[in-house]
Amino acid sequence: MVSPIFIIAAGLGTAFLLGLLRDEWRAAAYGLTLAALAGTAAIAGGWLWAFAIDGAAPVEILTAGTPAPFAINLRLGLPEAALLLLANLTGLLSAVYLKDTLSHLGRRAMAVLLIIVMAMGGIILTRDLFNLFVFFELIVISTGGLILLSAERHALGAGFKYLIVSQLITILLLIGIIFAYHAAGTLNIDGMAAASLVMLKGGSLAFFLIFIAVVAELKPVPANGWALDIYEAAHPAFSAIFSAAVASASLFAVDKLLLIGGPAWLPVATAIGIISFVASNLLALPQTNDRRMLGYSSVGQVGLILTVLGQRDILGDSTLFIAGGILFSHAVAKAGLFWLSGLVAGRNLQDWSALRGQPLLIFAFVTFLAMLSGLPPFPGFYAKWELIHLLAGHGRLVLLALILFGALLEAGYLFRWFGYIIKGEQPTEVIVPARHKLSVAMIAALAGWALGYLWGGLSAHNNLLQTLPLLFALGFLLLEWLPAWIKNSLAIAGLVAWFILGYPGYDPLQLIFATIMLLGGALILMASYHAQGRRVGFYPSAMLMYAGLAMLIVAKDSFNFFAAWELLTVGSYFLILRGKHSEPHALSYIVFSLGGAFLILAGFALAAQGNSQFSIEALRQVAQPLAPWVFVLLAIGFMTKTAAIGLHIWLPGAHAEAETDVSPMVSGILLKAGLFGLFMLLMHMGKQQLYGVELTHVLMWIGALSALIGNLLAIFQEDAKRLLAYSSIGQMGYALFGLAMMNHLGWLMALMFVINHYIYKSMLFLSVGGIAKRTGTRLMYKMGGLITLMPLSFIAVLIGIIAMSGVPPLSGFGGRWIFYNAIMTAEYRLPMILIFLSGPIAFLYLFRLIHTIFLGQLKDEHRKIKEAPFWILLPQFIYVVCLMVFALVPGLALRRVDAYISQFFPQGALNWEGLTITSDYGYWSPVSIMVVVGVIFMTLFAWLLFVNRKAQKVKQFNIVFAGERPFRPETTHFAWNFFAPYRKALGFLTQPLVTGFWETLTDLLHTAADVARRFYTGNAQIYAIHFLAFVVVLFLLSRGV
Amino acid sequence: MKAELEKRIVKGPDGIEFEVDPLQDYYCQEAPTVMPAAYSKIVEGFFNWARAESLWILGFGTGCGAIEMRPLMTPRFDAYRYGVQWRPTPRQANLFIISGYLSVKTLKRAIRSYEQMQNPKYVIGLGSCTINGGMYWDSYNTLKRLDYYLPVDLYIAGCMPRPEALLQGFEDLKEIIRAGKGEGANQYAQYFDWYKMNQKQVIHDWDMPDYNW
Amino acid sequence: MRELYAKLNRLFPLGELTERRSNLAFITLTAEYLRPVLLHLRDREGFSHLVLLTAVDWLEEGQFQLSYLLSDRANGRDIGLRLMLPRDGASMESIHDLWPTAATYQRELREMFGIDFPGSPRINEEFILEGWTDIPPYRRDFDTLKFAQENFVARPGRETWDPARHMKDQLYPDGA
Amino acid sequence: MAHIALATGFILILIGLYGALTNRNILRMIVSFTVADTGVNLVIVAVGYLRGRTAPILDATLPAAEAAARIIDPVPQALVLTAIVIGVGITALMLAYAYKLHETKGSLDIADYRELKW
Amino acid sequence: MHFEWMMIPYSLLTLFIVVNYGLLLTALMQKIGARVGRRYGIPIWQNYIDLVKNYGLRSSITHGVMFYLGPVFRLSGGVGLLLFVPTIYGSVMFSNLSFAGDLILALYFVFFGALGMALGAGESGHPHAAIGVSRGLSQMTAAELPFALAVFAVALQYQTLSITEIVAAQQGAVLHWTLFTNPFAVAAAMLSFLGSMMRPPFDLVLAPQEIPIGPPTEYHSSYLALMQTNRVIFPIAKIVIYMNLFFGGAASWPVFFLKVFLIYLFSLFVGVAFPRFRVEQSIRWFLVWALPLGIVAIVLV
């Protein structure tokens, strides 16, 4: 192997060599720089290979031939090698990226770039304290130089601020070093650690000074005003180095120092880290400048890693895996984003809509976004999983909560940013990225995926990038050039095939969910055949969601469950975001979903008590004082997906604004994921009490309230899809209610709702979508009288609403019948009041839906519209058939499930003998009902046809109008505010309290952030004072240590 | 012709423009036909008896005589005893009482309401004004002969006739119906053109289809 | 009422005062002073209610007379403002902005007398004379009998009696 | 003696810091930092000084065998040399910045460079 | 229970009896209402004549398919409801088609006719029809709530959802009736009953002068005749449910006639004494007065 000393030597040597070149030989100089960086990267890579694959032992490099303390020594192990590779590769890629700038500025700039990379190598390698100082100073000097690469005119000011604070850091560091040396008699870090520096007289203060100086290089909040200015003003390629590599190197330095400080200093590191993480993510919320926001995000991420380092005492061997996972995710993503920001002309977040129409760049952006947010399958996800589990296992719950809160904030502003890109105003000029810049960004993106694969392999769990559904979904990324119908066929085939593959392994419950999610998904996808063109982005997103769903139902342990959950969340987010005006709704969806996911994560972590392997089954064995808390966390998490009241505000917009074929997916299928989770939860944890309150009782109330408020809000909607969306909230409330009853029939009812809701909500969303497509509006009062023009859609809607309202003889009635039988044994009766009230209310909005769209007066402009497209109608009629079959023989689907539920609740099973279904309390014969009703109906119909055979068909204005005639169809169609008296009577229940609550909360966060950021006044001296104050306060606080 | 009845060009959601002719598109333009009686005379007789015993009056007071109809609902006269009821919509009524003077403006509404009633239907002209103009014989706005515009089955003279006279009128009308002579609707259909000609002569701004179903 | 007239007369050039009762009087004025006088009466003197607005056709003088009757509810007094308009192309300023109800009166005057009130809401919509083509029927030069005979079919055999003559014959059959 | 040097060093550092934080003129700030740097260097040397010993230069008067007992600690001396060099480097860089700053905006008041904030 | 072919003639017999009883009973009720106003009111056979006349009208119009089907739905709802409920307790002949489902079927089948009617009325394109439907549905949601609670209470009380079994449990003595064993449930249900009878104070749906009789405003001739037929069957079918659940059912036709008459009379008594509520008033009324009774009923059971 090449000695690692050459990494430093090569950088230094080449920098000197550049000085010897003639000024005109720019190309040569640039080539030399690249070669040097590539060479050092290759050396680092070689060592990394040696350590990781060949399992070589760490090497000590004695620079002067003698061991410490008599000479400076370097050490190269696995982490060092990895960080070296990171630093050098970042440097190399930035150098490539900077091609034009560097060629323009000449060899001096290249030399400085080499120096900074070399200095990072030094920081990583050295084990000598003073040497560390020297390399830090080199970083300061080269940073001072490289900031000037930027064309930004404020860069100078920013650089000077940095220099001022660096002076302060230098002073502290030097004094600390000399006193540490004085106390320990050595400058070697390991030597100091061995001498227990902090235990010696004066050693503690000396260590504090060193520690604080190095920590200051991590730009902790609040002593970091200068750093943000650098991020904002510097050239993005330099920012990439500064954020990805320098911060990593500094972190490693802190890690070394903590070796000296020992366990007593870990809490200090943790505190600084977590404050930085939460505060800077909060401060990032109101940022409008992309680079400054990225700066805050960097500070936050570094703070998180510092927290992880501070938790070394409990993380133990996993520290490397966790810190590495977060660090590399951060480094790759942040470098990538900075490089991307160099491609965007404007500095406002909104200007990033320039990326639109560049699939590659968007792919890269999404990759970075997912890495930063810790989404699967990237390293951050695995790291977060381990971290949270270990924290929970050791009872560090406050820290856990803070980390999740900060992460949620970060996801919030990142996804908002993504929304601007996808949905912002169409950019005026299209960006044409230079090829080298594009490839740098793409390399980073691919590196991200590679890291994901690597971390998946390193983790104790299965590697998500080796799971077939996920690969299938990702495969669509490669097929984007194909026309939509081919991809659609592939997607349908994939779903069906996966279902057939899994079929033998499903238990009845899984079978029902699998049928709905996979076969049902395939059915909805048939509607997608009507789409033209390539539909870039649709299939990867949709299949990602389906992959998550497919993995969710078969997940055996908490890790796979959670990973699947995150995948389906992300996939559905991208799907929802495709809608025309869906940006704000998609954002609130993802924020709520991620918040919910974090709660689930916390719940699993608590339940697992530190084991990162945790089978779902084991939820049964969770010990008592903990169990209800686990229950609460998981339940809230799942309820964000089912949009239980209070957590529902994302749903209406998200479902309503989604595309025609996406709405049924996210409503008919996605919501079921939450129900599936609740099924799992209740199946394994059963009833839990918290402070004497039965939690299932609470769930029952929540379910009942959701049913009532969801339905109530639905009747006041003018927008047909919003109406259906609110109705979903209500329907999910019913299902939740059924589950929470915790008896046999309650569960059966919930399952019946799962099936029914899938069928009729998908059907209705498709019909309404088809109508909206034809009429160009979703506002119901603008439609009317479409029955003659769109009779097939009308039939679908009619069947749908009869089924949904529970009127016999269609399948909805079965649900109501089971419901009544179920509540006979329910322990609580009061929530029934709400449920009883919400039943007829459902009737109101359903009638409104069919009336205002299909009945009443046809409008002028709709006189010539056609029936909905064939491909949208086809699935609807398959649903109609399903509904009919399910109405006649519900046993087909329910019988096995009924038997399956008997495992959990032996009491109260139904008797399926013959045509009649019998419970302990009543009986019901679907076929007889259908026949009786049919016979009566047909008889009367025949009679009416006979007596009324000469009826004259008249037109829409031939109505009695008190002797007058109608004025225009618009004024004759009673549709707007259809239930006005209802609003007068019960409108007070529809006050947007929940929306108000969440809005106030986000407003508060934003206001707090907005006020807090005034702290960064922009004045260098103020920043210096911040830093000194930070030191003093920290000193006072750490006195206790 | 009112603006809302004129032909207009509208643009569909798909951006294609087309013409809408309200009178054609929003109104049925079929003329009424003579509806034959039931095939069997006995059945028709039974039906006529039922029609006679179930007189549903359209609650449309066209003139001052409307005030004379109200007492019929009260305990003193109680017309319900005779199978007489008031219905709020012409669709369900089969007796139209033109209660007093009929102005040109009201005639338009009366024609509409009459045509919206179902066959067989009956018209009673109440008071002198419907017979020959009564005290409004020289008015610029009041018709002087109802039977020129609608087929009248029965006139009740007086200015105004008392409720007792109305009750007597109902009984006489029942006689007419039972005798199978209450064929005003068919008469209207048969002489449709003549009625329309008369109606259009006084209604200058004819802004409705020829027959209001 | 006299004090009121005196007070008004100091502010505006008014015509003569006609007192009908102690609490009812009419004042004549010219069209251009109508609005200020109305405003003054409404806002300063408490005449908050527009009782009616009507017209008289002075065919011989070739003029229409408009009467605005205002009422002061609190003090129980009414005042009428009279003004003359030329009959040809009769047009008057609308006061619907002072009293919204005035629009209805003005619409009626437009329909029945043909007096225009530009700017008054729905001024050209008729109340009862749908499709009217003749001159407005309340003008005195409109011959209603002739119109009725020309337009409406009369039932033959009708005898029309003069009511005064009829009653006289009834009460005094011997022709005293 | 060592204590006096040490105290002087700290006083210089404090003076330097005070100057850097109270003067808005960039050049004065740089000078102040130089003063503070000097103080730091003084502290380093003072910490390494041992009473009654000689400079760590091995020559005829100081054989290598006795060196360990007779010389003061050489490491701080070495450190201070490096520190001085680096300090000079940074000061130079700051001066260069000051020059450029003045060139762009014509002002040497640090409070004028507040465009980047929040 | 299973289907037997003999059930068809038996059911038709029930239907025949109920239609005739209903025609007479409705007229009788109108007469009683008229007597309150010191009128004689309609002849007792007037409903038959009206029915014949409406079937005998020569012409009719149609606004479309749903308009045509609306009355069919409506009457199917009424007939179905009647036939799904056992009429006479202990009689095999008159337990109709109740083998097809229990109490819950009856409760939900009520909506079948309402839905069809609303759709038919909707297709007529008449705004008043839509307004009537809007009012009717709004009022129904509140009115059904106490009834649902009462039914729940009764089902809990007798631990069954089978109407026959509920009636069986009330046999033996008058004091075994739910009326006496669970008075709160009955009170709640009877208040709810008022709301479903289309009589004052809850008749805003039809509001004859304001929105000319609401949903059926465009219906006439044979359509109207079908709906009239329903108007005599449907209330009785509903009352049969009330009778079975709360008043001990009926073991013979005379008892049946008497009990149905008395229950019907209750709504009439209230109707003639009170003026009409607006919709939001009636919603509030049900929530404030009837709902608490229902809650008490299910809590106390």
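Let's start with a hairpin in chain C: strand 3 of chain C and strand 4 of chain C have four residues between them, and Gly62(C) takes a positive phi near 70° there. Strand 3 covers residues 49–58 and strand 4 covers residues 63–72; the two run antiparallel and are joined by nine bridges.

A quick word on the model itself: it is predicted, with local features needing pLDDT of at least 70 and side-chain atom pairs counting only at pLDDT 80 or more, while totals for chains, interfaces and linings use all residues. Residues are numbered from 1 along each chain as its sequence is written, and chains are lettered from A and ligands numbered from 1 in the order in which they are written.

Now over to chain A. The domain assignment, which is automatic or from a database, gives domain 1 (215–466 + 991–1041) and domain 2 (467–910). Taken over C-alpha atoms, the centres of these two domains of chain A are 34 Å apart. Where they touch, domain 1 of chain A puts in 35 residues and domain 2 of chain A puts in 32, with contact meaning that C-beta atoms, placed from the backbone, lie within 7 Å. On the domain 1 side, helix 16 (359–373), helix 17 (379–393), helix 18 (397–423) and helix 40 (993–1012) of chain A each give two or more residues. Helix 18 of chain A gives the most, with eleven residues. That side has 23 nonpolar, nine polar and three charged residues. (Ala, Val, Leu, Ile, Met, Phe, Trp, Tyr, Cys and Pro count as nonpolar, Asp, Glu, Lys and Arg as charged, and the others, Gly among them, as polar.)

Staying in chain A, look at helix 25 (residues 583–608) and helix 26 (residues 627–642): their axes come within 8 Å and cross at roughly 155°. (Axes are lines fitted to C-alpha atoms, for helices over the stretch in contact, and angles run from 0 to 180 degrees between N-to-C directions.) That makes helix 25 of chain A roughly antiparallel to helix 26 of chain A, a label for angles over 145 degrees. The residues making this contact include Phe592(A) and Leu599(A) of helix 25 of chain A, and Trp629(A) and Leu633(A) of helix 26 of chain A.

Definitions and conventions
Two residues are in contact if their C-beta atoms, placed from the backbone, lie within 7 Å. Angles under 35 degrees count as roughly parallel, over 145 as roughly antiparallel, 65 to 115 as roughly perpendicular and the rest as oblique. Two strands pair if DSSP finds at least two bridges between them.
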